[in-house]
Amino acid sequence: RRDPDALRALAERQRDEVELDCFKQYVFHLQWNRVHDYARKKGIEILGDMPIFVAQDSADAWAHQQLFDLNEDGSPRTVAGVPPDYFAANGQLWGNPQYNWEAMKAENYAWWKRRFQKLREQVDIIRIDHFRAFESYWSIDSKAETAINGPGKPFFDEIERELGTLDIVAEDLGIITADVERLRDECGFPGMKIVQFLLAPNESGRVGFTVPENSIVYTGTHDNNTTVGWFKRDIDEVLRETLANITGTTSDRPRTICKRLIKKAYASRARMVII
């Protein structure tokens, strides 16, 4: 419960351990800044992740309990997850404590501003994980599963007012509604496109992909098989033959097909491609 006397006593009793952790963080930041400066000199930008949620046992949830939906004893009242989609047929129960967005709004999202400010010091482009939660999010407790409204565009307006324009990418994968797309476009953020999903046949059976310029194409993410593994095991024979024809080779050459799909990604209108 962060009792001041208990915190002071702990800081004194474990001074060596605390100072060692401070030193480790100092060394890490020193080394990271060297890497970051070196990358800049080589014309390389680093894209870093802003996780949407933090862990129940994180320093943030402990030090800012009023900003989270917690019970009196500090345990989460509601937790995060996602409903069923093409990543997980049964949905996903993440278990991270949900935010108290009203409390965050009351302090003008100061906690979020500090997160963005720190990450901006460490990277050049910020990818916002689970972007859809800023429009609406899945809140789970022992009794119900409900979609609750997120903070929306006023949140990003407040971040920009305080910190200026940030180079942001919206991770908009999964089940995305028109409202989420509207929020992304109103903010001007590029969304993510995944080659394996783009190559799924549409209603008319056509295979092939076109992407808007304000997007970033990935061959896959941590939720996907590799392109070669996907081609060998995750699609049917019809799509294998179709992709072989599209890439001008035969279906018994998955590595060649992989390389040519990478070329197609690079040839798209997207402003950025990540292999």
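Visitor: Is L30 buried, partly exposed or exposed, and what is the relative accessibility behind that label?

Guide: In this predicted model, L30 has a place in helix α2. Buried means under 20% relative accessible area and exposed means over 50%, with partly exposed in between. L30 therefore counts as partly exposed, at a relative accessibility of 35%.

Visitor: Which residues gather in the patch of negative charge, and in which helix is D21 found?

Guide: The surface patch of negative charge gathers D16, E17, E19 and D21. D21 is partly exposed, with a relative accessible area of 43%. The helix in which D21 is found spans residues 15–41 and is α2.

Visitor: How many residues apart in sequence are the parts that the pair of F134 and F156 ties together?

Guide: The count of aromatic pairs comes to 26. One of them is the tilted pair of F134 and F156, at 5.0 Å centre to centre and 55 degrees between the planes. F134 lies in the loop between β4 (125–128) and β5 (136–140), and F156 in helix α6 (residues 153–163), so the pair ties together parts whose separation in sequence is 22 residues.

Visitor: What kind of aromatic pair do F155 and F156 form?

Guide: Both F155 and F156 are buried. Their rings are 5.0 Å apart centre to centre, with 90 degrees between the planes. Planes over 60 degrees apart count as edge-to-face, so the pair of F155 and F156 is edge-to-face.

How values were computed. Residues are numbered from 1 along each chain as its sequence is written. This is a predicted model: local features need pLDDT of at least 70, side-chain atom pairs count only at pLDDT 80 or more; totals for chains, interfaces and linings use all residues. Side-chain values use heavy atoms; hydrogens and water are left out. Patches are made of residues with over 30% relative accessible area and no salt bridge: like charges are joined within 9 Å, nonpolar side chains (Val, Leu, Ile, Met, Phe, Trp, Tyr) within 5 Å. Accessible areas come from the Shrake-Rupley method with a 1.4 Å probe; for residues, only the protein chains shown count as cover. A salt bridge is a side-chain nitrogen of Lys or Arg within 4 Å of a carboxyl oxygen of Asp or Glu. Lys and Arg count as positive and Asp and Glu as negative; His and the chain ends are not counted. The place of a charge is taken as NZ of Lys, CZ of Arg, CG of Asp or CD of Glu. Helices (H or I, at least four residues) and strands (E, at least two) are DSSP runs, numbered from the N terminus. Buried means under 20% relative accessible area, exposed over 50%, partly exposed in between (1.4 Å probe, protein chains only). Rings of Phe, Tyr and Trp (its six-membered ring) pair if their centres lie within 6.5 Å; planes under 30 degrees apart count as stacked, over 60 as edge-to-face and the rest as tilted.
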